[in-house]
Amino acid sequence: MWIKAKELDANTEYYIELLAKGTGKPKEELVKERPKYLKAQEAIDYGIADKLLSSSDDAFEKRDYDALLAQTKAMMAQAAGPRAAPSGFR
């Protein structure tokens, strides 16, 4: 049990260091506050996130997976000639 507690302390220290580095806040302040759950805008205000993405943003790429699958199948059918059975099925 003592080893687990030490691991938890080490992980907590590492987490605090990452937050301090990412947010620019001192470790002491982060240890006092230590928010566990933040809404999206709160994360931006806190310094953890840069911006919010929505499905209408250019950064959010929309794909037509049905078309991609059909294209892949067509390429496979074109490239494939007669196929040999796997060696275990002869």
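User: In which helix does Thr23 lie in this predicted model?
Analyst: The structure is a predicted model. Within it, the element that holds Thr23 is helix H1.

User: Does Thr23 count as buried or exposed, and what is its relative accessibility?
Analyst: A residue is buried when its relative accessible area is under 20%. Thr23 therefore counts as buried, with a relative accessibility of 18%.

User: Which backbone oxygen does the side chain of Thr23 reach?
Analyst: The side chain of Thr23 has a polar atom 3.3 Å from the backbone nitrogen of Lys25. The side chain also reaches a backbone oxygen at 2.6 Å, and that oxygen belongs to Leu19.

User: Which residues does Thr23 touch, not counting residues up to four places away in sequence?
Analyst: With residues up to four places away in sequence set aside, Thr23 has contacts in several places. The residues touched by Thr23 are Leu30, Tyr46, Gly47 and Ile48.

User: Which are the buried residues of H1, and what arc do they cover around the axis?
Analyst: The buried residues of H1 are Ile16, Leu19, Ala20 and Thr23. They lie on the same side of H1, because the arc they cover around the axis is only 100°.

User: Which residues are exposed on the other side of H1?
Analyst: The buried residues of H1 include Ile16 and Leu19. On the other side of H1, the exposed residues are Ile3, Lys4, Asn11, Tyr14, Lys21 and Gly22.

User: Which helices are included in what covers the buried residues of H1?
Analyst: Ala20 is one of the buried residues of H1. The cover over these residues includes two helices, H2 (27-33) and H3 (40-46).

User: How far apart are the end C-alpha atoms of H1?
Analyst: H1 has 22 residues, and at 1.5 Å a residue they should span 32 Å. The distance in the model agrees with this: the end C-alpha atoms of H1 are 31 Å apart.

User: Which element has the highest mean pLDDT?
Analyst: The mean pLDDT of the protein is 81, and 80% of its residues reach 70 or more. Among the elements, helix H4 (residues 65-79) has the lowest mean pLDDT, 86. The highest, 89, belongs to H3.

Definitions and conventions. Residues are numbered from 1 along each chain as its sequence is written. Side-chain values use heavy atoms; hydrogens and water are left out. Helices (H or I, at least four residues) and strands (E, at least two) are DSSP runs, numbered from the N terminus. The expected span of a helix is 1.5 Å times one less than its number of residues. Buried means under 20% relative accessible area, exposed over 50%, partly exposed in between (1.4 Å probe, protein chains only). The arc is that of the directions from the helix axis to the C-beta atoms. Contact means heavy atoms within 4.5 Å. pLDDT is the predictor's confidence in each residue, from 0 to 100. A polar contact is a pair of N or O atoms within 3.5 Å; within protein, one must be able to donate a hydrogen and the other to accept it, and residues adjacent in sequence count only if both atoms are side-chain atoms.
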